[in-house]
Amino acid sequence: MTGDIVQMGAYIGAGLACTGMGGAAVGVGHVVGNFLSGALRNPSAAGGQTATMFIGIAFAEALGIFSFLVALLLMFAV
Amino acid sequence: MATETNGEAEAGLVFHPMDQFQVTPLFGANKVEWFTITNVTLWMGLTVLAIVALLVFGARGRALIPTRSQSIAELAYGFIYKMVEDVTGKDGVVFFPYIMTLFMFIVVANFLGLLPMAFTTTSHIAVTAVMAMAVFLAVTILGFVKNGFGFLSVFWISSAPLILRPILALIEVISYFVRPVSHSIRLAGNMMAGHAVIKVFAAFAPLVLISTGIGLVVTPLSILAITAIYALEVLVAFIQAYVFAILTCVYLRDALHPHH
């Protein structure tokens, strides 16, 4: 068994792992969109909740970063 | 990374986008030991020097009408102080120096890494993992010291229905132990991905030198893309430092007040 087919599988897997980033994009957009729709209804309360929005973004984004990590591991470590 | 084939001449990709993250010794040594002075050491030292220049020498005047460096230092201080006070509460303010140190180190390292030819120290998981593990261990030890075994109630969400609580407790335990991983990889991954994307577009930029036909279209587009992504990276450099600091505050709040 040569390493070629293994490497091909690793590259295909890396590409497939990148679809997870789309999920993170949807999640971050959902968080910010909902924050904005709430903030426009009650702009005076929006300023105090910006930190909460960033925490939400960070949690949504973390899972996209995991898929990026999987892609990187497949490309360079496996 | 260096063993990858990176010389497709006709595509114009003459360097690998991940080459910029290579740790190289500065003074002639071939092998990287734990004591070797590398480019990471250099740029971390420059980061510390920049912070000292800003916070010690910049704010030294204490003028009533602040100079530019003094107002930046005071702005950073006030911003982080308010964040710690808002998120962790009054009793979390004793941890303000730690969070200020983390924030200043990360934000200055990120901004220094954006300079051309610079090395981004925070793009290495080894660097961010140390900071994230320090936060994780500190928060866990602090939680047990402050609350005893009552700290375990952080996993037991008393506002949820009783049937759901064991399942939620399992999820909470898993997410608690994933914290250092996500905390470190978020910062390193964001930095690494952004800089790699800039390098990918930079590889397409000199295409006009190879073929004037398609190059006349690709080169201006890629230069435009580099500019746009650079602007995004300036934003990301600040936001990721802010997110790292604010998540540290959230974890501290959990340790100080484990009851939901």
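Modeller: The structure holds 1 cavity of 30 Å³ or more. Before going on, a word on the model: it is predicted, so local features need pLDDT of at least 70 and side-chain atom pairs count only at pLDDT 80 or more, while totals for chains, interfaces and linings use all residues. Residues are numbered from 1 along each chain as its sequence is written, chains are lettered from A and ligands numbered from 1 in the order in which they are written, and side-chain values use heavy atoms, with hydrogens and water left out.

How do we find empty space? Rolling a probe the size of a water molecule over the atoms shows where empty space is left. Here, a cavity is a set of points, on a 1 Å grid over the protein atoms alone, where a 1.4 Å probe fits but cannot get out. The largest cavity has about 30 Å³ of space, where a volume is the space filled by probe spheres set on the points, joined across faces, edges and corners.

Who lines the largest cavity (an atom within 4 Å of a point)? From chain A come A:Phe68, A:Leu69 and A:Leu72, and from chain B come B:Ile125, B:Ile185, B:Ala188, B:Gly189 and B:Met192. Helix H4 (50-76) of chain A and helix H5 (165-204) of chain B are the elements giving two or more residues to that lining. Helices are DSSP runs (H or I, at least four residues), numbered from the N terminus. H5(B) gives the most, with 4 residues. The lining divides into 7 nonpolar, 1 polar and no charged; Ala, Val, Leu, Ile, Met, Phe, Trp, Tyr, Cys and Pro count as nonpolar, Asp, Glu, Lys and Arg as charged, and the others, Gly among them, as polar.

Now for A:Ser67, which also lies in helix H4 of chain A. With a relative accessible area of 11%, A:Ser67 is buried (under 20%; exposed is over 50%, partly exposed in between, with a 1.4 Å probe and protein chains only). Beyond its neighbours within four places in sequence, A:Ser67 is in contact (heavy atoms within 4.5 Å) with A:Ala17, A:Gly20 and A:Met21.

Over in chain B, B:Gln20 sits in the segment before helix H1 (39-57). B:Gln20 counts as buried because its relative accessibility is 19%. Leaving out residues up to four places away in sequence, B:Gln20 touches B:Phe119, B:His195, B:Ala196 and B:Lys199.

Terms used. On a 1 Å grid over the protein atoms alone, a cavity is a set of points where a 1.4 Å probe fits but cannot get out, and a pocket is an open set with protein on both sides within 12 Å along at least five of seven lines; lining residues have an atom within 4 Å of a point.
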